[in-house]
Amino acid sequence: MNVANTILSFAAPAEPARIMNTTPNSRFIVSFEAATPEDHARMGGKCAGLARMTAHGVSVPSGFAVTTDAFTAHMKSPGLAARVDALLASINVDDVVDQEAKSAQIRALIVAAEMPHEVDVSIRSAYGRLGTGADQPVAVRSSATAEDMPDASFAGQQDTYLWVVGADDVVTRVKACWASLFNARAISYRARNHIEGIAVEMAVGVQKMVDAVAAGVAMTLNPINGDRTKIVIDSAFGLGEPVVSGEITPDHFVVEKVLLEILSRRIVEKDHELVPDRAARRTIDRVIESARRTLPSLSDAEVIAVARLAKSLESFMGCPQDVEWAVDRDLPPGANVVALQSRPETVWSRKAPVARRSYALGVDGVLSTLMAPLQHKK
Amino acid sequence: MTILAKFPSPYDLEAPAGAEGWQEMYPYYLLFQDRLREQEDGRFWFCDSQHWPSPFKPFDTVTVEFAVKCLGQYNTRHYLIPPANGVDYRIHNGYCYMSPVAVAPEDIAARVPQFLERAGHYFQNWDKLLDNWHKKVRANIADMEALRFEKLPEVVPLDWIKDGVGLDNTYALMETYDRAIQLLYKTWQYHFEFLNLGYAAYLDFFGFVKEQFPTIPDQAIAKMVQGVDVDLFRPDDELKKLAKLAVSLNLDKLLATGSVDEALAAMGKAPGGAQWLAAWKEAQDPWFNFTSGNGFYSDDKYWVEHLDIPLGYIRSYAARVRNGEDIDRPTARIAAERDRITSEYRALLAPEAVDVFDGKLGLARVVFPYVENHNFYIEHWSMSVFWRKMRDLSAILHAAGFWNDPNDMFYLDRQEVRDALFDYANAWAVGVNPIGPHYWPAKIAARKTMLAALSKQPPQPALNTPPEVITEPFTIMLWGITTESINRWLSGTANSKMLVGMAASPGKVEGRARVIRSASELGLIEEGEILVTPVTAPSWAPVFGKIKATVTDIGGMMSHAAIVCREYGLPAVTGTGSATSTIRTGQMLRVDGSTGEVEILL
């Protein structure tokens, strides 16, 4: 079967004409749209994933990676590397307090150091071309290479800055992401696994923030039982972080994957949503007005659109996926569901599906079916 | 899941007012006998309102008798289905009730080797045997077409005297009637020659897929197996071809108004009209041997005798073509969808299961064309010819004064018709007037009254205590009788706002209900309504363009109605048990064909 044809028939509709000029690739900046496979290594895992998705026509918010080369250049700031090395060497790995304190110092050094001029200019220029330019809200996220950091289940804390507005802010957050390479957990992980200190690298993703009408998570199997014929979706109004973090109870949909039909819906009362506050340049938690609280956060058509998105990602990635998605307020209905992140599902995928018993074919098979009490079909 | 309670006993179900004495319309072996109460009440009976949604005229019981008896013979005497014999049946308060007959456990093992040999032969030689079946059925239809009922002449033809024949005209008349009944009997023997095995092979695939994917929707399995070029849809396809031809010749407005004769006459006069008329004529044989009923009733209307029906459908198709709509059945898309669904589920299987999947799917696809197509050749085409011949006979006896309406013969059962024929023959021979004209009209009037009274009361969905386990494949697949459906019926209208049935065809819609109990009411349906009925028939397909969804009382995944609804992309919920007695015309419904739920909104 031609995989490409399968992808093309299921991929969510591509984002409408990109009105912004994408920055051509450079040593320090690679945009998701223009990335080639050779660029992936220096984009880090998250950004490389977004680039691959874009290449296959899966809708993602546009953005770029600040490459590992930028990190390397920054760490070459005069004296920085030496002082970081010294602090690392001085850590007593069995002393949690010491580790935490030294980690904080390292991070402070990285953030305080001035970014190399070329890197700074590249970031500001790329940011300026993204969306509305000077005040385009973006998400700034760490995009580490997998070997350097604890695995995916540790991710999702301290590495994401939402609602970053303005070039100055972007630059600051990029440095904060670089610094997170040296949070206490990461340091002790590398120490235990004998990964040498300064050789590790961090890329950072800068991506247009979606003003989400609704957002959440989709898994291309049922996490309750590993059933791969299902896509389950958790959704809520507003941005998706509260769904991802588990701090709210979302609406829940179960979709049959092959027929793309909604099998069940559980709609809950939703009293809060996380929304962008443009004026305050951050996200705020807002009370939902009573009329909307018991409405489904997704229409049936949107549920199917999210399911299609997740399905195309699974097919493309070749394994069950855990997808973060959003319904973008600024895109037209029917073409407004975008993927924010997609990573392999780790629990059930490791277990291979098992055939339950041996079967006969032909008339012998028919015989055993007739002989088994046919209680009921569901 | 255990069964909760029991259904009423037929012995406690009185005749509705005005129908007292209905038993005299039916032969003794179709009734619940008083002397056998204990035995009969020890068995579970379910009402088959899917095939027989209206009370039986006496003659029409021939269809249930021949059909169900022949179903049974193949289980019991031909293929020896190990755990199941046939399905027993009775008539009560005008409706038929069925009871599957299980094989005694100690006898099952002995049947297995014979089943393997006999059923095995059919599975291994299916296509060859099926080709032969087509020849046999067409020959049978030709034999029925060749039957001639003629009124008795004043005198025996002179030629017969000169040729020394020594027989009168009544000899052939009576023989022709007996032959008609025998050819009908043959028709139903052929009907089931493959059907039980086809269903069993489908069930084998079905059960296997359910074990691999416990929550897979039934429809998904059906879609993997269903064919694309199905003879059952051919009549509708022919109508579409004629509609498109009329539009391409720019002659469709000639069909838009007037009676059939007027429209055809106008066609004849128009340039290019002869081409259309030739196509119209050619399509009729055999594709207009098609009924909006189901073929089991003497009053089913067949297109070939009611040309206004197909012409009406052609009119609406032509209007849609004029409107720029593509009315063709999207066969390429259906085939692609079938292949997509199949390959996607196949890709989710454990590696060891793939060969099994391929093998069982392969067999299911071999047998399925018969499961879908036989319906056209038997219920439509063969029955069309049979009923036509019976109406010819009824007309002759009507002309001889036996009854008041030309089609009143069907108020006699088939043995009484023999008696009436002999009465007619006898009077002719003896030179007196037949007794019939002084006997039958009153009897028929009384029977009409009883049947009208029986029609007013919807039947109980079942009788007596349901079994723990149902093993007969037909009961499950075709009638949709499962433990769950039984429990639904038992709980009755506990929640009268929500009905649950089989999710037979996906989609979710809202709309106004139109409750109809027979094909004669099809004209009442308005655009955008939701059809609620005991059962739909494949021949109602042209109407499906008007409605938003269908809801039925009875029917399983493999009922013809479910197949057609999926084909036409119409949401459907079947097997609700009580839709037609719970829902009223005009109520707002929400129908979800993906979950099997029907909600009454207002």
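Reply: Here's a walk through that sheet, then its surroundings and the confidence values.

First, some housekeeping. This is a predicted model, where local features need pLDDT of at least 70, side-chain atom pairs count only at pLDDT 80 or more, and totals for chains, interfaces and linings use all residues. Residues are numbered from 1 along each chain as its sequence is written, while chains are lettered from A and ligands numbered from 1 in the order in which they are written.

Now the sheet. Chain B has an open sheet of eight strands, running β5-β12-β11-β7-β8-β9-β10-β6, and the pairing is mixed. At the edges sit β5 (498–500) and β6 (502–505) of chain B, each pairing on one side only. On average, neighbouring strands here are turned by 30 degrees against each other, direction ignored. Those angles lie between axes, which are lines fitted to C-alpha atoms (for helices over the stretch in contact), and run from 0 to 180 degrees between N-to-C directions. As for terms, helices (H or I, at least four residues) and strands (E, at least two) are DSSP runs, numbered from the N terminus, and two strands pair if DSSP finds at least two bridges between them.

Zooming in, β11 (residues 588–592) and β12 (residues 597–600) of chain B pair in the antiparallel sense over four bridges. Asp592(B) stands opposite Glu597(B) in β12(B).

What's around it? Chain B is divided into domain 1 (231–331) and domain 2 (497–600), with bounds that come from an automatic or database domain assignment. Taken over C-alpha atoms, the centres of domain 1 and domain 2 of chain B are 25 Å apart. Domain 1 of chain B puts 10 residues into the contact and domain 2 of chain B puts in nine residues, where contact has C-beta atoms, placed from the backbone, within 7 Å.

Chain B has a mean pLDDT of 90, with 94% of its residues at 70 or more. In chain B, confidence is lowest in helix α19 (residues 483–491), at a mean of 68, and highest in helix α16 (residues 414–430), at 98. Chain A has a mean of 83, with 85% of its residues reaching 70 or more. For the model, ipTM is 0.78 and pTM is 0.76.

Methods
pLDDT is the predictor's confidence in each residue, from 0 to 100. Two residues are in contact if their C-beta atoms, placed from the backbone, lie within 7 Å.
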